[in-house]
Amino acid sequence: MFRTMMKAKIHRARVTEANLNYVGSITIDQDLLEQVDMLPHEKVQIVNNNNGARLETYVIPGERGAGTICLNGAAARLVQPNDIVIIVSYALISNDELASYKPKVAIMNDNNEIEQLIEQEPPLTEM
């Protein structure tokens, strides 16, 4: 049996741009992608903390070190620059792999820099 598990999460990133005229996807700083092990074209879920919108799209790499979080295409209608979003990728994990499975969670600061990289969310409901 396989279970769908959170593989990586960018928690509380700030949207830097919303580009309605792009074909589609989310542009994320390449440095952030590497630190949480997300790949170009990987499917992600986006949760907008400001308005509750949830959507799925795929990742395209952005400029290294720029802190870019840009929703493109139709998704741009669901965010505004400076909205706070959570970006999550999932993986199918076999029951045999669960014992050693460790997701990556990046807790972001206001400048879209990783403040803390953890393997498990704390048990508290508020960070």
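**Close-up 1. Arginine 12 in strand S1.** Arginine 12 is found in strand S1, which covers residues 2–14. This view, like the others here, comes from a predicted model. Look at the backbone when you find this residue: arginine 12 has a positive phi of about 70°, although it is not a glycine. With a relative accessibility of 40%, arginine 12 counts as partly exposed. Arginine 12 also turns up in the next view, as one of the contacts of asparagine 109.

**Close-up 2. Asparagine 109 in the loop between strands S8 and S9.** The loop that holds asparagine 109 lies between strand S8 (104–108) and strand S9 (114–118). Asparagine 109 has a relative accessible area of 18%, so it is buried, as the cut-off for that label is under 20%. Follow its side chain and you will come to the backbone nitrogen of asparagine 111, at 2.8 Å. Neighbours within four places in sequence aside, asparagine 109 is in contact with Arg12 and Glu115.

**Close-up 3. Asparagine 82 in the loop between strands S6 and S7.** Here the loop in view runs between strand S6 (69–72) and strand S7 (84–94), and asparagine 82 is found in it. Asparagine 82 is not a glycine, yet its phi is positive, at about 85°.

**Close-up 4. A nonpolar patch on the surface with Tyr22, Val23 and Tyr58.** Together, these three residues, Tyr22, Val23 and Tyr58, have about 320 Å² of accessible area. To place one of them, tyrosine 58 is found in strand S5, residues 54–62. Its relative accessibility is 32%, so tyrosine 58 counts as partly exposed.

Notes
Residues numbered from 1 in each chain as written. Predicted model: local features only at pLDDT ≥ 70, side-chain atom pairs only at ≥ 80, totals over all residues. Heavy atoms only, no water. Helix = DSSP H or I, 4+ residues; strand = E, 2+ residues; numbered from the N terminus. Buried < 20%, exposed > 50% of the residue type's maximum accessible area, 1.4 Å probe, protein only. Polar contact = N/O pair within 3.5 Å; in protein donor to acceptor, adjacent residues only side chain to side chain. Contact = heavy atoms within 4.5 Å. Patch = residues over 30% accessible without salt bridge, like charges linked within 9 Å, V, L, I, M, F, W, Y side chains within 5 Å. Areas by Shrake-Rupley, 256 points an atom, 1.4 Å probe, with all protein chains shown as cover. Salt bridge = Lys/Arg side-chain N within 4 Å of Asp/Glu carboxyl O.
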